[in-house]
Amino acid sequence: MRATDMKAFRFVDLFAGLGGFHLALARMGGQCVFAAEWKEHLRELYETNHGLKPAGDITLVHPHDIPDHDVLTAGFPCQPFSKAGEQLGFECTEQGNLFFNVAAILKEKKPTYFILENVPNLLKHDKGRTWVEIQKILGVGKGGLGYDIRAERLSPHHFGIPQIRERVYIVGSLLPLDDFAWPKTSKDETNIDTVLDDNPADAKQLSAQVVECLEVWDEFLKACPKDVELPSYPLWSMEWGATYPYETTTPHALKEFLGLDGLKGFKGSHGIKVGTLKSLNGRWEALPSHARTADLTFPKWKQDFIRQNRQFYEDNKAWIDPWLPRILKFPSSLQKFEWNVKGGKRNVWDYVIQFRASGVRVKRRTTAPSLIAMTDTQVPIIGWQKRYMTPRECARLQSLDSLKELPKSANRAFAALGNAVNSKVVEKVARALLIVQPPPKTNKGRRQAVAVAA
């Protein structure tokens with residue numbers, strides 16, 4: 001049963017950033033008694049927004065010195081587990097081992113509850129072994145800290161917020177979670193217009209190169225015959241005309257074992273004849289960047305993308321070849337295209353666009369691309385207004401628009417928002433977790449549960 005009256009609870013906010021956890025739990029009547037954030041400019045901003053100056057590097061804070069609290073929250077660094085990074089996990093000496101600082105605090109202070117947030121890949125990292133290790137450390141088994149644990153993937157768009165940004169939420173309780181249920185999600189369609197201003201004056205405008213690149217890809221869309229279905233997999237134009245081997249061997253393997261002659265006779269990016277180039281370095285650079293990795297065999301996903309792209313080109317070269325020279329002037333990342341608008345009108349300017357290292361991504365207006373710790377050139381583009389989203393609009397995507405201030409630098413604001421937790425999603429999770437439970441029959445369970453208003 002839920003509480004019918006408000007009872008104050010104390011929480012700590014680790015790796016605090018802009019304070020998404022703080023906003024969520026404060027709305028529920030919680031009092032933040034400690035925060036930690038290693039970036040100085042965010043520490044100062046946190047004090048401005050929340051009235052509390054965070055400690056700095058959490059590795060320099062002894063767990064004993066942290067105030068007693070009922071709830072520990074932490075969006076511990078996700079880069080070591082992210083698919084976009086090297087996925088070093090606990091082996092990442094700079095960030096991967098920060099989880100153990102969280103565990104040390106839980107061991108010392110024994111808060112009744114915790115809420116952790118990370119990228120979904122955490123559950124699959126190292127073939128699931130990382131997640132198994134986390135459960136052993138925190139759980140009720142032998143040598144564990146005694147927490148009943150649950151984990152679930154949730155995204156803002158499940159709760160009416162127009163952003164697809166799946167994250168794994170891990171909750172733990174020293175009380176049994178037998179009756180715990182994750183917050184209800186919705187499949188209702190969202191719309192990015194709900195967070196947008198109308199042609200805001202402070203929006204960053206598109207550069208000439210960005211406009212030209214998008215116009216070239218729009219020409220590609222227009223050139224594609226109506227009876228040809230555009231694929232949902234990423235289009236890698238550098239594979240159109242390439243013939244280097246990718247299934248039984250790799251360019252790296254050929255280079256290692258055969259040197260200059262290893263790449264002879266093959267075609268590289270956009271059909272460049274690699275064998276006509278005199279130097280090994282020149283032949284190597286003529287290959288697509290994704291083919292120059294130090295692999296003796298390519299992973300299956302890369303083989304599949306190469307195979308699909310080469311087949312698409314063979315089936316459509318009659319209309320692709322006249323267009324292809326138009327894309328050659330752009331950097332490699334802009335020569336890749338993801339059309340996430342299957343069945344939609346073929347006009348790039350009708351949609352939400354994002355420039356990523358993985359390519360130019362086009363999405364429907366229903367949601368924004370996932371915010372990342374981005375530069376201002378990776379911010380979502382509002383195609384129909386031919387501008388980038390503003391920090392204020394991106395803050396709405398993270399349910400952080402109630403903050404008094406954002407970082408004054410646009411680059412810092414976007415980076416902080418990309419690293420932030422969504423405060424509305426956190427609040428949904430916290431309200432599901434922090435409930436009044438009947439007094440358990442076991443001695444361990446006689447701790448008083450934290451009560452919050454429904």
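Which residues does Ser269 touch, not counting residues up to four places away in sequence? The first view has the answer. Before that, two notes on the model. This is a predicted model, with residues numbered from 1 along each chain as its sequence is written. Local features need pLDDT of at least 70, side-chain atom pairs count only at pLDDT 80 or more, totals for chains, interfaces and linings use all residues, and side-chain values use heavy atoms, with hydrogens and water left out.

**View 1. Ser269 and its contacts.** Ser269 touches Met238, Ala286, Leu287 and Pro288, leaving aside residues up to four places away in sequence (contact means heavy atoms within 4.5 Å). You'll find Ser269 in the loop between α6 (251-258) and α7 (280-285). Helices here are DSSP runs of H or I with at least four residues, strands are E runs of at least two, and both are numbered from the N terminus. Ser269 has a relative accessible area of 12%, so it counts as buried (under 20%; exposed is over 50%, partly exposed is in between, with a 1.4 Å probe and protein chains only).

**View 2. An open sheet of six strands.** Inside the order, β8 (residues 336-340) and β10 (residues 359-363) run parallel, paired over four bridges. Look for Trp339, whose bridge partner in β10 is Val362.

**View 3. The kink in helix α8.** Centred on Lys317 is a kink of about 95° (the bend is the angle between axes fitted to the seven residues ending at a residue and the seven starting there). The buried residues of α8, including Phe312, Trp319 and Trp323, pack against α5 (208-223) and β7.

**View 4. The largest nonpolar core.** This core has 57 residues, and among those touching the most other members are Phe220, Phe312 and Met389. A nonpolar core is a set of buried Ala, Val, Leu, Ile, Met, Phe, Trp, Tyr and Cys residues joined through side-chain atoms within 4.5 Å. Helix α5 gives the most to this core, with seven residues. Apart from it lies another core, of 30 residues, with Phe99 and Leu116 among them.

**View 5. Two buried cysteines.** Cys213 has a relative accessible area of 0%, so it is buried, and Cys394 is buried at 0% too. The structure holds zero disulfides (pairs of cysteine sulfur atoms within 2.5 Å).

How values were computed. Two strands pair if DSSP finds at least two bridges between them.
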